[in-house]
Amino acid sequence: MNFDFSEEQQMVRDSIARFVQDDYDWDTRRAIVASDTGMSDKAWQTFAELGWLSIPFAEEDGGFGGDIVDTMVIMEEIGKGLVVEPYLPTVVLFGGLIARAGNEAQRNAWIPSIIEGSTSGAFAYLERQSRFEIADCLTQAKTAGDGWVLNGEKVVVFNGANCNQMIVLARTSGEQWDRDGLSLFVVAADAEGVNRVDYPMMDGQRVANITFTDVALNADSLVGEAGTAMATVEAMIQEATIALMAEAVGCMGTLNTKTLEYTKTREQFGVAIGSFQSLQHRMVDTMMAYEQAKSLLFKVVCEYKQDPASAAASIHALKVFIDKNAKLVYGEATQMHGGMGITDELDIGHYAKRLMMINTTFGDATYHRAQYIDKAYAA
Amino acid sequence: MDIAFSPEELTFREEVRGFFDEQFDDELVSRLRGDNFKEAIVEWQQRLYKKGWIAANWPVEHGGTGWTPTQKYIYETERSERGIPGVIPFGIGMVGPMIYQFGTTEQKEKFLPGVLDSTTWWCQGYSEPGSGSDLASLKTKAELDGDHYVINGAKIWTSYAQYADWIFVLVRTSNEGKKQEGITFILVDMKTPGIKINPIISIDNEHSLNEVEFSDVRVPVENVVGEVNKGWTVAKALLAHERTGIADVAQSKRNIRLIKEAASAEMNGGKRLLDDAGFQAKVADLEIELMALEFTELRTLAAMAAGGFPGPESSLLKIKGTELQQATQELRMETAAYYQGVLPNGMDPEVLGHSWAHDAFRNYMYGRASTIYGGSNEVQKNIIAKYVLGLE
């Protein structure tokens, strides 16, 4: 048993931290979010040049051959810096699905271009009625000649506004909630019949609702076998959830650090407010929340590394735990910053909004608690 | 970052399981519940001693196991799954490490063997009637008279003083300087004239706590551990040791299992309590909290393996561990419904109703102490605020 990071992992951690410090300060980040696309192509090219986009991919696909620990390290640093560029949608989700289910031609077509920074990807899986049930899918792909015709709508597609390629979850057989009969397709964002309505989310990311009207797809757009996508998608979402929870831990750590620094310098009644015992004890609570969240993340990562299937219940547990503790951390950070904590100018509220989005992404605590109970009590 | 057990660790787990299955027998289990608790627990500890497993956290050169954090984790997991009690902490967990860390060669030779083989029962003389959380305000006085100290004062909340052969005591040897200065850590034979034990019955209706009075108790100067007037250093080191064990995640995990077992037998309107969605959510949230704490404990163990003694971070384990113990004890009481309040009054609890409900009562009631002892949780928060967060 060890909780150490390899030298390479330390280097990646340091390089992202340095990037955030030197090239991604708060004013820069604000300007990026306010820009037309809501992301920085320059920053993304830096990610490519420094090799961060290659890390989770297998060496035979041109990647670094990293594992879940590497992804955790990257996502934690992204969380610390509140980096808005679409690492999760492009590398983890789009790239991850291609790596998991794609054939050799598809892997050759997309993975090198993700790594060099030219493919920006998304995974379109949510629908207006689906809430957190991924199998609740009305978007349909019907066979047409050698290929397929896609019709339907996906909502809140992360990186949907900026992506040039997306993977769409569509029903090729069965009824609305059936787990069988779901398939994955690669669809070009500029294909005929694809219409995007893009909008920002409260955490600064750009998403889109995307409609597909008689979109013609080649036979080789199908990723994996037709009708069997659910297992792939669930496994992918598990991995992406771990990545997202690492980002949350990063956000929580930064909020605690900033709040602690603030209470040591902010004076009221002639003394630093950090000298008040009522605030001290609450900062101990948020410190413990962060350490405990990190511990549970480590547990999940270690289990997942051994055998992804064995981590299923723990991933639900982590989602429940982060939900509760992130709320504590951002709530206290906002409160202790006083009036400044509720301004748009200060970064505190933006970390809070990112954590709020993270909490609802891939299912909220209520959903995951129910899933946890199903899994834990079925055993 | 890896928790996979190596083949050696899997072999170790088999050895632990085999030892427990063979040595923690039914006869011992029933004796541990009976009136001769002391004799039974000492016998169990001596079985561990013969196996070489009595001192999991001691260095090998003093008779410890030299276990890795993973081995400790395996051992604790297997122990708690069987409901095997932990080693009584006062000797192995507290005074032993202080003697090998701060003691003289003579003290090590004289006291450590009796700690290891459980022939000496130790108790702890820290708190006083007038000083609880503010430990350094202690007033029990030791005055030099030739080659002896003469001790006068009183200690309180002394667990199992009625069984003890020796007591380690914090005494005031000087009133100069800060109150933390002038404290001395000294070992006292309970048979010394002038010691009187007054029992205290706790809210679980049991007698484990006592007040210990000292009237002109003469103790040889060679019984001082560490330097005279520097006992605060020893006291703090001991408390840090005490705190890591206090979390007792394994015990809380066992309690969750007992709750689930009981709740799958409890029926409410023809439905199992365990199938009630509200109850399930309570159990799930506790389990999840414990998962996190278990890994915080592992992280602390790993850090200790790399760097030696536990630091102020052990306060986190104490706070979270005791909070979860109490939450778990509370849910077990809820599971027992009316039976949580049944006092057997000398009868067999099994005859009256749920046999486990009185255990739940005792654990819940005595469990209120856990957020108070070892430095109250509020004091722990002060420690973290000052030494970890740097808040003054």
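Strand 3 of chain B and strand 7 of chain B (residues 207–220) run antiparallel, joined by 8 bridges. Pairing here means that DSSP finds at least two bridges between two strands, and helices (H or I, at least four residues) and strands (E, at least two) are DSSP runs numbered from the N terminus. This is a predicted model: local features need pLDDT of at least 70, side-chain atom pairs count only at pLDDT 80 or more, and totals for chains, interfaces and linings use all residues. Residues are numbered from 1 along each chain as its sequence is written, while chains are lettered from A and ligands numbered from 1 in the order in which they are written.

Within that pair, Tyr149(B) has Val219(B) of strand 7 as its bridge partner. Tyr149(B) in strand 3 also stands opposite Leu144(B). That brings in strand 2 of chain B (residues 141–145), which is antiparallel to strand 3 (residues 148–156) and joined to it by 5 bridges. Strands 2 and 3 of chain B make a hairpin with 2 residues between them. Gly146(B), in the turn, has a positive phi of about 70 degrees.

Next, strand 5 of chain B, residues 183–189. How many of its 7 residues are buried? The count is 6, so strand 5 is mostly covered, because a residue is called buried if 20 or more other C-beta atoms lie within 10 Å of its own, exposed if 12 or fewer, and partly exposed in between, with C-beta atoms placed from the backbone. Strand 4 of chain B (residues 166–172) runs antiparallel to strand 5, with 7 bridges; Val171(B) stands opposite Thr184(B) there. Strand 8 of chain B (residues 224–225) is also antiparallel to strand 5, through 2 bridges, and Phe185(B) has Val225(B) as its partner in strand 8.

Why does Asn229(B) count as partly exposed? Because it has 17 C-beta neighbours inside 10 Å. Leaving out residues up to four places away in sequence, Asn229(B) touches Thr173(B), Ser174(B), Glu181(B), Gly182(B), Ile183(B) and Thr184(B); contact means C-beta atoms, placed from the backbone, within 7 Å. Thr173(B) is 56 residues from Asn229(B) in sequence, but the C-alpha to C-alpha distance is 6.2 Å.

Now the helices. The axes of helix 1 (residues 7–23) and helix 4 (residues 69–81) of chain B come within 10 Å and cross at roughly 30 degrees. Axes are lines fitted to C-alpha atoms, for helices over the stretch in contact, with angles from 0 to 180 degrees between N-to-C directions. The residues of this contact divide into 5 nonpolar, 2 polar and 4 charged. Ala, Val, Leu, Ile, Met, Phe, Trp, Tyr, Cys and Pro count as nonpolar, Asp, Glu, Lys and Arg as charged, and the others, Gly among them, as polar.

Last, the chain contact: 29 residues come from chain B and 33 residues from chain A. Helices 4, 9 (277–307), 10 (314–336) and 13 (377–388) of chain B each supply at least two residues of the chain B side. Helix 9 gives the most, with 13 residues. By class, the chain B side divides into 20 nonpolar, 3 polar and 6 charged residues.

Definitions and conventions:
Contact = placed C-beta atoms within 7 Å.
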